[in-house]
Structure formats: C-alpha cells, structure tokens
Amino acid sequence: MYSGFQNPNVVWKFGQGGNSVLVCYDNKITAPYEQRVTFSPSGITFKSVTRKDNGTYMCMVNDPGGASYAEATIYLTVLVPPSKPRISVPSSATIGHRVVLTCSEDEGSPPPEYHWLRDGVPLPPNPKSSRAFSNSSYTINLYTGELIFDPLSASDSGEYSCRAQNGVGQAQQSDAVRMKASEVNVGGIVAAVIVSLILLGLLAFAVWFAYSRGYFNSEDPPPTPARPPLPPQIPRFPSTPCSPRLPRAPSRNPAAILMLPFSSLLFQGQRRGECTGEQPEWKPRARGALPCPRKPSAPQREQRKPGGRRSPTAQRSVTRPGEEVEGRGIRGGVVP
C-alpha cells in the first residue's frame with residue numbers, strides 16, 4: 001500500500017546487468033509482463049518466475065501534481081534446484097603436468113556450490129587435512145567447479161564425479177569418469193625423434209638429387225647443334241627394256257677385245273615382243289641394230305594387218321612418171 005499518496009502514479013523497473021526494463025508504468029503492466037504479472041495497490045505479483053527474473057526491482061511513486069515523490073529497491077532471488085552437472089575429465093594425463101577438471105550446470109538458482117569426489121569419496125578442500133589425500137596437490141573452486149592438479153601425481157588416478165547443491169531441492173551428482181595418471185612415454189618420444197630424423201634425411205637427399213639433376217637450374221639448356229645438310233642426291237631414273245644403253249669404255253685387256261664382237265653378238269639381243277606385248281622370245285641382234293620400236297597408238301594398231309604391214313589406205317601413194325593423179329592434174333612426183 002502506497003501510504004501518504006491519494007492518487008499515486010506508480011512505476012516499476014527491473015534492472016539486471018546494467019540494463020533496465022519497465023514492468024509497470026502509470027499503474028499499468030507493460031506488454032512483456034502482462035501475461036504473468038498483476039498490479040495491485042500494494043505492489044506487483046508474479047504468477048510464475050524463472051531464473052531470468054533474478055535481479056533488482058525499483059518502485060517509484062509520485063502525486064499527479066508532482067508535490068511528493070518516493071522510491072524503493074527490492075532484490076528478487078528465484079529459488080531453483082540445480083540440475084545434473086556436466087564434467088570434463090581427461091581419460092589419461094601425464095604425471096608432473098598441470099591438469100584441470102571442470103564441472104557446471106545451468107538451472108540452479110541461486111548458483112550452486114560444486115564438490116568433487118574420487119572413487120565415491122568427497123575430496124576435502126585442503127588435501128593435507130586428510131591422510132587419504134596427503135600425497136595429492138590440488139585446489140577446488142566451489143563456485144566455478146574447477147579441480148586443478150598442479151602437479152599431477154601417481155596417486156591421483158581414479159574415478160571422478162561432481163556434486164552440485166544450492167540448498168533448494170536435492171543435490172545433483174554427475175556420472176563418474178576415470179582418469180589415469182601415466183608416466184612420460186620415453187620410448188614414444190625416442191621413436192618420434194628417430195622418425196623425424198629419417199624424414200629430414202630423405203628430404204635432404206631429395207633436394208640434393210634434384211639439384212644434381214638440374215631441376216632447380218633456372219638457366220635454359222644449351223641448344224642442340226644443327227645437323228649439317230645432306231649433299232644433294234642425283235636422281236636415278238629406272239631403266240626400261242627399250243631404253244638405249246650407253247657404250248662402255250673399251251677395255252685394255254686383249255682377251256676382252258677379242259671376245260667383244262662375239263659377246264656383243266651374243267648378249268646384245270632383245271626379247272621379241274618385249275615392247276609389243278607378245279610372248280617374249282630371245283632373239284640375237286647384231287651390233288648397230290635399231291632399238292626396239294615404240295608401241296603404236298590405238299588408231300595405228302587398227303590400221304595394221306595381221307601380217308604386220310600397213311593397210312593400203314595407210315600406205316603412201318606413189319605415181320609413176322606419166323601417170324595422172326585424180327583431181328590434181330599433176331604428172332609424176334610423189335604425193336605424200
């Protein structure tokens with residue numbers, strides 16, 4: 001109830017993270033809240049709340065004429081039990097290194113506190129206060145949920161789980177995840193070094209081989225010397241059976257000179273029908289004989305008789321002295 005004000009104007013503001021939102025203005029609920037907030041002369045009432053409603057609310061009241069003014073601030077905390085937390089635990093960690101385990105959840109309000117357990121036993125905030133954890137070196141942040149081993153020891157191996165509680169409802173616990181603390185793998189490191197050296201050696205050999213072959217040489221290769229031109233070749237015409245043969249130079253051998261007339265008569269023959277197409281037949285030819293006649297053309301072959309002589313129409317007409325040639329009036333002579 002707004003005491004001291006007869007007809008007050010009431011304004012409610014909600015502030016969270018530096019931002020402010022109007023919940024009620026001039027005694028009326030604004031649109032974002034009208035479904036779940038009601039206004040009354042004594043204040044505002046939430047039908048349902050969520051974690052987002054956590055924050056500071058400011059009430060401002062004044063008269064219509066502005067004669068008096070008053071304001072008040074209220075902090076609202078919404079109570080929500082925590083949900084099942086999520087954890088991040090490595091399956092294997094190296095002894096002597098710094099290892100961080102995390103635990104978180106999103107629904108609890110107020111924010112819950114986080115407690116870690118190893119093999120079902122809660123870890124005390126100070127490991128030196130318990131004989132079971134005196135060989136460990138860790139720190140626990142109850143509000144962020146971080147469990148930090150610095151450094152990790154061999155006794156820290158085990159199954160780890162996290163429990164979240166905020167005093168509202170029941171505490172929630174995560175599933176257990178096993179972490180194994182192992183020594184440094186010296187054999188693996190040595191093997192990795194040997195493999196790296198082998199790869200570097202192969203790379204160096206490949207670079208040397210490429211340089212020796214000239215693959216990285218930017219200069220152009222020397223030009224290939226031109227081959228000298230070939231001497232001109234004298235054309236050779238194929239000889240035919242009827243082509244004349246050049247006489248050979250006379251030999252100075254007396255026996256060859258005596259045998260020359262007989263060999264000429266014996267071997268300078270021609271094959272009968274070689275140029276006419278008849279059945280070839282060897283026939284001796286005396287020295288100085290005429291070469292083989294050429295093949296007659298088609299009209300001339302038609303005018304020849306089977307005996308090899310020309311027909312009377314193809315023979316030259318010869319007139320004797322005193323005879324008269326028809327149609328010319330010329331006596332004597334040879335008409336071609």
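## A walk from the helix to the sheets

Let us begin on the surface, where Val184, Ile189, Val193, Leu197, Leu200, Leu203, Val207 and Tyr211 make up a nonpolar patch with about 780 Å² of accessible area together. Keep in mind as you look around that this is a predicted model.

Is valine 207 buried, exposed or something in between? Its relative accessibility is 36%, so valine 207 counts as partly exposed.

Stay in helix H1 for a moment and find phenylalanine 205 and tryptophan 208. These two form an aromatic pair of the tilted kind, with 5.9 Å from centre to centre and 35° between the planes. Those two values are the ones to look for, because a pair of aromatic rings is described by the distance of the centres and the angle of the planes. Phenylalanine 205 and tryptophan 208 are three residues apart in helix H1, which means that about one helical turn separates them. Tryptophan 208 has a relative accessible area of 54%, so it is exposed.

How many aromatic pairs does a search of the whole structure find? The search finds six. Elsewhere, ring pairs link Phe14, Phe46 and Tyr57 into a cluster.

Now turn to the strands. An open sheet of five strands is arranged in the order S3-S2-S1-S6-S7, and its pairing is antiparallel. At its edges are strand S3 (28–29) and strand S7 (69–76), each of which pairs on one side only. For strand S7 the neighbour is strand S6, residues 55–62, and the two are joined in the antiparallel sense over eight bridges. To see one of the contacts between them, look for threonine 56, whose bridge partner in S7 is tyrosine 75.

Another strand worth a visit is S11, residues 113–118. Six bridges connect S11 with strand S15 (residues 158–165), and the two run antiparallel. Here tryptophan 116 has cysteine 162 of S15 as its bridge partner. Strand S11 also pairs with strand S12 (residues 121–122), again in the antiparallel sense, over two bridges.

What lies between S11 and S12 in their hairpin? There are two residues between the strands, and in this hairpin aspartate 119 takes a positive phi near 55°.

Key. Residues numbered from 1 in each chain as written. Predicted model: local features only at pLDDT ≥ 70, side-chain atom pairs only at ≥ 80, totals over all residues. Heavy atoms only, no water. Patch = residues over 30% accessible without salt bridge, like charges linked within 9 Å, V, L, I, M, F, W, Y side chains within 5 Å. Areas by Shrake-Rupley, 256 points an atom, 1.4 Å probe, with all protein chains shown as cover. Salt bridge = Lys/Arg side-chain N within 4 Å of Asp/Glu carboxyl O. Buried < 20%, exposed > 50% of the residue type's maximum accessible area, 1.4 Å probe, protein only. Pairing = 2+ DSSP bridges. Helix = DSSP H or I, 4+ residues; strand = E, 2+ residues; numbered from the N terminus. Phe/Tyr/Trp six-rings, centres within 6.5 Å; stacked < 30°, edge-to-face > 60°.
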